[in-house]
Amino acid sequence: MPAYKLMNFDTKGRAEVIRLAFVVAGQSFEDKRFPMEEWQTVKPTIPQKQLPCLQVDGRLIPQSGAIMRYVAREFGLYGDNNDENTRVDVIIGTAEDFLKNAFALRYEKDETKRAELKKDLEENKLPQFFSLLEDILKENNGGDGFFVGEKISLADIMIYDITDQVGAAAKLPAFPPKLGGLIERVKNHPKIKEYLAKRGD
């Protein structure tokens with residue numbers, strides 16, 4: 001069995017969905033979190049000189065999107081066939097389109113512009129995103145299970161993580177009923193529930 005070492009800063013960020021995927025898979029991994037001083041020393045040795053980065057035995061994999069897909073494929077969290085793989089990709093793409101808005105808010109320095117972006121996120125972008133997700137979710141078992149197939153996948157984990165992290169920076173609108181049920185199912189997955197209790201937030 002390979003040894004896995006996930007390297008990132010001491011934040012959730014783009015690494016958290018990867019941590020959650022390992023947790024759901026029941027796969028142990030080293031969760032290496034660099035303080036900024038240490039990162040400056042290590043940075044020249046990391047592909048593309050950015051985090052997160054996953055070490056699998058001696059091999060280094062950069063790019064958070066590539067890492068989360070690698071882990072999901074490796075541990076059966078990416079659907080069971082090409083159609084299900086594609087559904088996961090559709091949801092990831094939908095999420096990444098939305099995240100452009102969240103990142104715009106995160107990196108905006110001007111306070112007036114930040115307030116405008118936050119208002120638009122809360123009143124427009126988040127409701128639109130949730131409505132899209134509700135429609136996609138209903139396509140599978142009427143929305144009473146998961147986004148793909150009969151079991152939890154990277155798609156469910158990613159959407160849960162986005163609502164968790166964005167909810168710390170902005171006021172979330174009420175979840176549509178099926179999406180709200182999904183968020184609760186993911187949050188209460190036994191392995192995720194145990195991880196969140198240890199994470200302590």
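## Strands and sheet

Strand β3 (residues 53-56) and β4 run antiparallel and are joined by four bridges. Within this pairing, Leu54 stands opposite Ile61 in β4. Strands are DSSP runs of E with at least two residues, helices are runs of H or I with at least four residues, and both are numbered from the N terminus. Two strands pair if DSSP finds at least two bridges between them.

The open sheet has four strands in the order β2-β1-β3-β4, with mixed pairing. At the edges lie β2 (30-34) and β4 (59-62), and each pairs on one side only. On average, neighbouring strands of this sheet are turned by 20° against each other, direction ignored. Helix α1 (residues 16-25) packs on the sheet and touches β1, β2 and β3. The direction of α1 makes about 150° with that of β1. Contact means heavy atoms within 4.5 Å. Axes are lines fitted to C-alpha atoms, for helices over the stretch in contact, and angles run from 0 to 180 degrees between N-to-C directions.

## About the model

This is a predicted model: local features need pLDDT of at least 70, side-chain atom pairs count only at pLDDT 80 or more, and totals for chains, interfaces and linings use all residues. Residues are numbered from 1 along each chain as its sequence is written, and side-chain values use heavy atoms, with hydrogens and water left out.

## The largest pocket

The largest pocket holds about 520 Å³ of space. Among its 23 lining residues, Leu99, Phe103, Arg106, Gln165 and Val166 are the closest to its centre. A pocket is an open set of points on a 1 Å grid over the protein atoms alone, where a 1.4 Å probe fits, with protein on both sides within 12 Å along at least five of seven lines; lining residues have an atom within 4 Å of a point. Points are joined across faces, edges and corners, and a volume is the space filled by probe spheres set on them.

Helices α3 (64-74), α4 (82-107), α5 (111-138) and α6 (154-166) each supply at least two lining residues. Helix α4 gives the most, with six. By class, the lining has 13 nonpolar, four polar and six charged residues. Ala, Val, Leu, Ile, Met, Phe, Trp, Tyr, Cys and Pro count as nonpolar; Asp, Glu, Lys and Arg count as charged; the others, Gly among them, are polar.

## The second largest pocket

The second largest pocket has a volume of about 210 Å³. Its lining residues include Asn8, Phe9, Phe103, Arg106 and Tyr107. Strand β1 (4-9) and helix α4 each supply at least two residues of this lining. The largest share, three residues, comes from α4. Six lining residues are nonpolar, three are polar and two are charged.
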